[in-house]
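Colleague: I'm new to reading structures, so please take me through this one a question at a time.

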Amino acid sequence: MNAYDSLDPNGNITVKWDIKSWTPDGYIAVVTIYNFQKYRHIQAPGWKLGWTWAKKEIIWSAAGGQATEQGDCSKFKGSIPHCCKRDPFIVDLLPGTPYNQQISNCCRGGVISSWVQDPEKAVSAFQITVGQAGTSNKTVRLPKNFTLQAPGHGYTCGPAMKGKPTKFLTPDGRRFTQALMTWNVICTYSQFLAQRTPTCCVSLSSFYNNTIINCPTCTCGCQNNITQPGTCVEPDSPYLASTLLSSGKDVDSPVVRCTKHMCPIRVHWHIKTNYKAYWRVKITITNFNYKMNYSQWNLVVQHPNFENLTQIFSFNYEPLLPYGSINDTAMFWGIQYYNDQLMQGGPSGNVQSEIILQKDKSKFTFEKGWAFPRKVYFNGDNCVMPPPDAYPYLPNASAYSRFTLLHSLAAILVSLVLIYSHNL
């Protein structure tokens, strides 16, 4: 339901189950989770993969991951299985796990990067030894009812489908081995399933109009502290610490600052400067969620002038091409160890950058809101824009001409002062 994303039409998470070898009562399999989504990642506390066994299978042992529950293994004598549940859930192991319990691409606490941000970390894997299962391609039964849980709970998985056996390159790079059997499960994301209400909004402003267009009122909910105490918290409230403590660790229940829009995230687009051949925009992302840091955050913006993006400060940037050769969608994310983590609500809960775009004389205009974005996504979720008729409007032509002249003279004066100061 609503799983199709026009900016990432082929994005999905693929779970690949490769049987590497047979055992006396089953097999050893490596299960790999590939995030083929361009800008949607899985953040802490990470993924949880579940399924229902087709027969009476058990998991004798696991590496790189672990079952969340062991289940009832009382009928076993001697060696006790790792998990006897008919519907197990597996989670990734944490960083720092002993090497003898690891496999390749494991042990990041379930965090998986988006494909554009870091392809090498857009993969997670674990190994399981399955017992009481078939011992050949004809007797093995594919598990059913796959579920992928992640913060937001927005994923739906299809049935397991047999696929072409995966090939593996040996460490010396001179030989390929092959899985004995492979099946794939494709999971897609729906923002509607993840959150019934939006999670972010967009505000707008410009140098040519003093009006700041705020996020629409009640975008992500409405303040209702009278009948529902704790709906939001004022920044100077003496009860902030106790509210955070009583809210628990569930990241899907944010504690937000009291605002008119009530969104955990606000993206502000400010048209800052108009040059002769270029124009400049300042982008600010503010976190109003007191409960959560956003690590490996990303921002996707659609605007027709991105094909002429000339310079960007303080963010990483990658153009997205959802429509082939049309370059009108940009993906931004933080620089590692500098601003790749958006801190929780408070004085440090924001990141910002400025971008410079070259004007295309055949298209460029400040009229009718052309200079504002068409779509904005934060961490893969669509942000609510103000209505178009509320966008900052241009003053009349004569006033705008005087304003532009004064703005240009001020910019030249600042440049001259900086040059003079540098030469002293």
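Colleague: Let's start with a cysteine: how far is the sulfur of C83 from the closest cysteine sulfur?
Modeller: A quick word first: this is a predicted model, where local features need pLDDT of at least 70, side-chain atom pairs count only at pLDDT 80 or more, and totals for chains, interfaces and linings use all residues. Residues are numbered from 1 along each chain as its sequence is written, and side-chain values use heavy atoms, with hydrogens and water left out. A disulfide is a pair of cysteine sulfur atoms within 2.5 Å. The closest cysteine sulfur to that of C83 is in C84, and it's too far for a bond, at 6.6 Å.

Colleague: And is C83 buried or exposed?
Modeller: Buried means under 20% relative accessible area, exposed means over 50%, and partly exposed is in between (1.4 Å probe, protein chains only). C83 has a relative accessible area of 1%, so put it down as buried.

Colleague: Then which residue does C84 join in a disulfide?
Modeller: The sulfur partner of C84 sits 2.0 Å away, S to S. Both cysteines of this pair are in the loop between strand 5 (65-67) and strand 6 (89-92), eleven residues apart; strands are DSSP runs of E of at least two residues and helices are runs of H or I of at least four, numbered from the N terminus.

Colleague: What is the handedness of that link between C73 and C84?
Modeller: Look at the torsion about the S-S bond. For C73 and C84 the torsion is about 115°, so the disulfide is right-handed.

Colleague: How many disulfides does the structure hold?
Modeller: C73 to C84 is one, and C218 and C222 form another, with their sulfur atoms 2.0 Å apart. C218 counts as partly exposed because its relative accessibility is 31%, and C222 does so too at 42%. The total for the structure is eight.

Colleague: How many residues apart in sequence are the parts that C232 and C258 tie together?
Modeller: These two form a disulfide as well, sulfur to sulfur 2.0 Å, and with 95° about the S-S bond the link is right-handed. C232 lies in the loop between strand 15 (209-213) and helix 2 (240-246), and C258 in the loop between helix 2 and strand 16, so the parts tied together are apart by 26 residues.

Colleague: Time for charges: which residue meets R40 in a salt bridge?
Modeller: A salt bridge is a side-chain nitrogen of Lys or Arg within 4 Å of a carboxyl oxygen of Asp or Glu. R40 lies in the loop between strand 2 (26-35) and strand 3 (48-52), and its partner in the segment before strand 1 (13-23), so the pair ties together parts 35 residues apart in sequence. Both residues are buried. The N to O distance is 3.9 Å, and the partner is D5.

Colleague: What is the side chain of opposite charge nearest to D381?
Modeller: Lys and Arg count as positive, Asp and Glu as negative, with His and the chain ends not counted. D381, in strand 26 (residues 381-382), is buried yet has no salt bridge. Its contacts (heavy atoms within 4.5 Å) beyond neighbours within four places in sequence include Y189, Q191 and C200. The nearest opposite charge is 4.5 Å away, on R40.

Colleague: How many residues are in the largest nonpolar core?
Modeller: A nonpolar core is a set of buried Ala, Val, Leu, Ile, Met, Phe, Trp, Tyr and Cys residues joined through side-chain atoms within 4.5 Å. In the largest one, W269, W279, L299, F332 and F378 have the most contacts inside it, and the residue count is 38.

Colleague: Last one: how many strands does the chain have?
Modeller: Buried residues make up 46% of the chain's 424 residues. Besides three helices, the number of strands is 26.
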